[in-house]
Amino acid sequence: MLPKINPTTTQAWLLLRRHFDEEMNRCHIKNLFDNDAERFNKFSLNFGDILFDYSKNIITAKTMQLLLQLAADCRVPEAIESMFRGDLINETEGRAVLHTALRNFSGNPVYSAGQDVMPEVKRVQEQMKSFCHNVHSGIWKGYTGKKIKYIVNIGIGGSDLGPKMVTEALKPYWVEGMQVYFVSNVDGTDITETLKKVTPDETIFLVASKTFTTQETMTNAHTAREWFLKAAQDERHIAGHFVALSTNEKEVSKFGINPQNMFVFWDWVGGRYSLWSAIGLSIALTIGYDNFEQLLKGAYAVDEYFKAESADKNIPVIMALTGLWYTNFFGAQTEAILPYDQYMHRFAAYFQQGNMESNGKHVDRQGSEINYSTGPVIWGEPGTNGQHAFYQLIHQGTVLIPCDFIAPAISHNPIGDHHVKLLSNFFAQTEALMNGKTEKEVRAELAEAGKTPEEIKKILPFKVFKGDRPTNSFLVKQITPYTLGSLIAFYEHKIFVQGIIWNIFSFDQWGVELGKQLAGKILPELNDDAVVTSHDSSTNGLINAFKQMRVAGAKG
């Protein structure tokens with residue numbers, strides 16, 4: 001079981017509070033660089049083709065020593081061992097957390113409830129590999145004999161966000177002739193607009209639902225089934241065009257899918273960690289199974305490093321500790337993830353779920369109310385798009401927003417001077433956020449531009465930047481399946497470490513379940529035009545107004 005330690009009661013937390021109040025609250029990052037020519041070398045790490053620079057943080061060697069002590073006081077190393085050992089660390093659901101087994105290439109067994117899970121993991125991976133080969137080679141054909149051209153993944157949450165992010169990030173690796181689409185929203189517009197882009201006899205639908213009862217997913221799946229049958233005219237053809245990523249063989253068969261085309265995963269795979277499992281079939285079909293395996297291997301390399309590397313040289317641990325430093329001592333409430341790579345435009349959205357669903361908790365592992373901040377709000381957009389949208393707030397707003405910058409040194413599209421211009425912005429933004437612009441610098445700049453003293457006095461306050469906006473930078477040689485797998489694993493393990501220190505259960509999501517339960521109660525009330533009085537006045541008013549609008553719309 002995981003340790004249950006309130007971090008605020010540790011010696012390290014008390015020392016960090018004093019360190020913040022007496023030293024770091026008035027510290028300037030720029031001065032830290034001025035005072036130490038070796039700062040970059042001391043506060044940066046390499047992992048294969050990835051350079052992680054955390055030198056532009058409001059930290060000193062003492063800060064890191066105290067943060068590392070906090071990790072030790074909260075028994076982070078013991079928790080890491082517990083997760084990889086297959087202990088039931090998802091205690092509220094009585095489950096192990098073994099998504100790392102899905103990318104285990106060690107040849108060693110991984111146990112859950114006394115059973116080695118690896119033979120079954122390898123069996124499903126071989127099933128995925130064979131299926132991809134059959135589709136890509138044309139052995140698997142549509143009902144008219146045409147080769148499969150389109151993949152439509154129908155899922156929601158982890159069954160959608162992860163595969164969508166990865167396939168977009170790895171678009172240069174797409175198998176020629178394949179096109180993938182993702183449907184998640186129960187809003188009929190999502191499935192309708194997707195079906196306009198595909199043809200029934202060239203499409204495989206992947207229905208991703210562990211229970212095969214997820215409301216949004218199954219609503220979309222049945223709509224796709226009806227659409228398909230209008231063209232195919234024979235339910236026997238469903239078996240050649242629908243595949244299940246599920247464990248409910250009864251419901252899968254009832255839908256018309258051949259159980260042989262059911263790809264299973266297990267209750268020790270959390271939804272937001274499921275892209276490594278059969279849920280990743282859309283990824284494998286899109287980029288090819290060999291590239292999917294490289295994705296797994298990139299993550300596996302980080303798993304091994306995370307387990308073995310000392311905390312002071314461990315990238316996920318340092319990511320976790322610096323993030324916690326701002327959340328709990330500087331009062332930061334958000335973090336921005338800013339990839340300078342258009343293909344990675346869904347990376348921040350993916351880790352909105354990964355982080356906020358994991359660590360958005362207000363009760364600790366003892367079941368007690370927490371009196372300190374836990375998970376921050378995660379957000380972000382790619383590259384220079386964000387600079388022309390929200391960077392103003394990051395630079396000159398009243399709240400501190402730590403940022404992660406991610407960029408590839410080598411572009412997949414080396415057109416003209418696009419990439420050097422992109423990278424010039426990548427480097428400049430972290431420097432500008434750190435340095436800011438002082439009143440003296442602004443005054444000199446305006447004077448050089450020929451402004452009068454009166455003009456300078458008037459405009460001066462608006463052009464001052466305080467700086468001291470902390471950033472991490474990931475410089476990646478190139479975004480490949482392997483390096484992307486490593487980046488994803490870095491963030492997964494960061495989230496895990498923070499959850500351990502915050503003394504929360506990171507692998508359940510009861511808040512998600514509440515909305516589902518309430519929607520299930522309301523749905524039957526929407527099936528007629530009767531006035532609803534069973535809720536609060538606002539909800540009653542909204543439901544009844546909806547019914548009136550629906551009736552008026554039906555009458556034309």
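Select Arg-103, Asp-303 and Glu-492: a network of salt bridges links them in this predicted model. The charged end of Arg-103 sits over the ring of Trp-276, 4.5 Å from its centre.

The whole structure holds 27 salt bridges. Start with Lys-4 and Glu-91, whose side chains meet at 3.1 Å, N to O. These two are 87 residues apart: Lys-4 is in the segment before α1 (11-22), and Glu-91 is in the loop between α5 (76-85) and β3 (111-112). Lys-4 has a relative accessible area of 33%, so it counts as partly exposed. Glu-91, at 26%, is partly exposed too.

Next, select Glu-441 and Lys-30. Their side chains form a salt bridge of 3.8 Å, N to O. This pair links distant parts of the chain, 411 residues apart, with Glu-441 in helix α18 (residues 439-448) and Lys-30 in helix α2 (residues 29-34). Glu-441 is partly exposed at 35% relative accessible area. Lys-30 is partly exposed at 32%.

Now go to Lys-494 and Glu-335. Their salt bridge spans 2.8 Å, N to O. Lys-494 lies in helix α20 (residues 481-501) and Glu-335 in strand β10 (residues 334-339), 159 residues apart. Are Lys-494 and Glu-335 buried or exposed? Both Lys-494 and Glu-335 are buried.

**Aromatic rings**

A search of the whole structure gives 42 aromatic pairs. Show Tyr-150 and Tyr-181: this pair is tilted, with 6.5 Å centre to centre and 35° between the planes. Tyr-150 belongs to strand β5 (residues 150-154) and Tyr-181 to strand β6 (residues 179-183), 31 residues apart. Tyr-150 has a relative accessible area of 11%, so it is buried. Tyr-181 is buried as well, at 17%.

Move to Phe-390 and Tyr-391. Their ring centres are 5.5 Å apart and their planes meet at 40°, so this pair is tilted. Phe-390 is buried, with a relative accessible area of 16%. Tyr-391 is buried at 3%.

Arg-39 lies over the face of Phe-43, 4.6 Å from the ring centre.

The largest pocket has a volume of about 1100 Å³. It is lined by 41 residues, and the closest to its centre are Thr-214, Gly-271, Gln-509, Glu-513 and Lys-516. Colour α9 (215-232), α14 (347-359) and α21 (510-522): each supplies at least two lining residues. Which helix gives the largest share of this lining? It is α21, with six residues. By class, the lining has 13 nonpolar, 18 polar and ten charged residues.

Last stop: the second largest pocket, with a volume of about 340 Å³. Of its 17 lining residues, select Asp-341, Gln-342, Ser-411, His-419 and Leu-422, the closest to its centre. Colour the lining of the second largest pocket by class and you get seven nonpolar, nine polar and one charged.

Note on methods. Residues numbered from 1 in each chain as written. Predicted model: local features only at pLDDT ≥ 70, side-chain atom pairs only at ≥ 80, totals over all residues. Heavy atoms only, no water. 1 Å grid on protein atoms, 1.4 Å probe; cavity = no way out; pocket = protein on both sides within 12 Å on 5 of 7 lines; lining within 4 Å. Points joined across faces, edges and corners; volume = space filled by probe spheres on them. Helix = DSSP H or I, 4+ residues; strand = E, 2+ residues; numbered from the N terminus. Nonpolar A, V, L, I, M, F, W, Y, C, P; charged D, E, K, R; others polar. Phe/Tyr/Trp six-rings, centres within 6.5 Å; stacked < 30°, edge-to-face > 60°. Buried < 20%, exposed > 50% of the residue type's maximum accessible area, 1.4 Å probe, protein only. Lys NZ or Arg CZ within 6 Å of the ring centre and 35° of its normal. Salt bridge = Lys/Arg side-chain N within 4 Å of Asp/Glu carboxyl O.
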